[in-house]
Amino acid sequence: MSTLSDAKREIREVVENWAVWRDAGDWNRFATVWHDDGYMTATWFQGPAKEFIEVSRKGFESGVNILHLLGGFSTDVLGDRAIAQTKMTILQRGIVEGVEVDVSCIGRFYDFFERRDGEWRIVRRQPIYEKDFMIPVAPAKYIPLDAELLCRFPPGYRHLAYLQTRAGFDIKPGLPGLTGEAVEELYAQGAAWLGGSTSAWAN
């Protein structure tokens, strides 16, 4: 019989597998961390996990350089459902205004999990973007940022959004940050999920 500690261990393993397999381009195994109806939200993508896997694969093969580091982990488990929060850093390298840069975005993965047929997998992943910064790869370089463009985006991911916009991505505004209405709504959806809601978006 599975215990609460077993569930938390299994969920943590899924979270870690997500980062390792996605960043390594191990797409077949990456697909196994999601349920069939899994959904991914990112600054540059919102849609079914199956589509996320495909566009991530194409980006990986074309040289898009996005990596993930994981930190502290906490999960609330109730029956066959769970909400997992994992400290993370998104690392992306690219060219901004002719300068090669690294962007680091610090936040949390907020994951809606469900156990189906004995397997814990992700139903919905929503990052929470808390803080980010941009530095030149060559320390002596100056990055001539467009202040108007930078300020279009929330503080939690404005440098990441700037880089991705310059790379040609359409960036979603209003994603959850450390505080504010968007993250409070997400927490309400998480509580409803644990309470048995019919959807990971209900609150």
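**Group meeting: cores, cysteines, a helix and a pocket**

Let's start with one residue. Phenylalanine 113 touches Ile11, Val14, Val15, Asp80, Arg81, Ala82, Ala84, Trp120, Arg121, Ile122, Val123 and Trp193, leaving aside residues up to four places away in sequence. Contact here means heavy atoms within 4.5 Å.

A word on the model. It is predicted, so local features need pLDDT of at least 70 and side-chain atom pairs count only at pLDDT 80 or more, while totals for chains, interfaces and linings use all residues. Numbering runs from 1 along each chain as its sequence is written, and side-chain values use heavy atoms, without hydrogens and water.

Now the cores. A nonpolar core is a set of buried Ala, Val, Leu, Ile, Met, Phe, Trp, Tyr and Cys residues joined through side-chain atoms within 4.5 Å. Buried means under 20% relative accessible area, exposed over 50%, and partly exposed in between, with a 1.4 Å probe and protein chains only. The largest core has 45 residues. Trp18, Phe30, Trp34 and Phe113 have the most contacts inside it. Helix α1, residues 4-24, gives the largest share of this core, with seven residues. A second, separate core has ten residues, including Val183 and Leu186.

Next, the cysteines. Are they buried or exposed? Cysteine 105 is buried, at 0% relative accessibility. Cysteine 151 is exposed, at 55%.

On to helix α6, residues 181-194. Helices (H or I, at least four residues) and strands (E, at least two) are DSSP runs, numbered from the N terminus. The expected span of a helix is 1.5 Å times one less than its number of residues. For the 14 residues of α6 that gives 20 Å, and its end C-alpha atoms are 20 Å apart, which agrees. Buried residues in α6 include Gln189, Gly190 and Trp193. Among the elements covering the buried residues of α6 are β3 (65-78) and β4 (81-96). Just after α6, glycine 196 takes a positive phi of about 105 degrees.

Last, α6 gives the most to the lining of the largest pocket, with four residues. β1 (34-41) and β6 each supply at least two.
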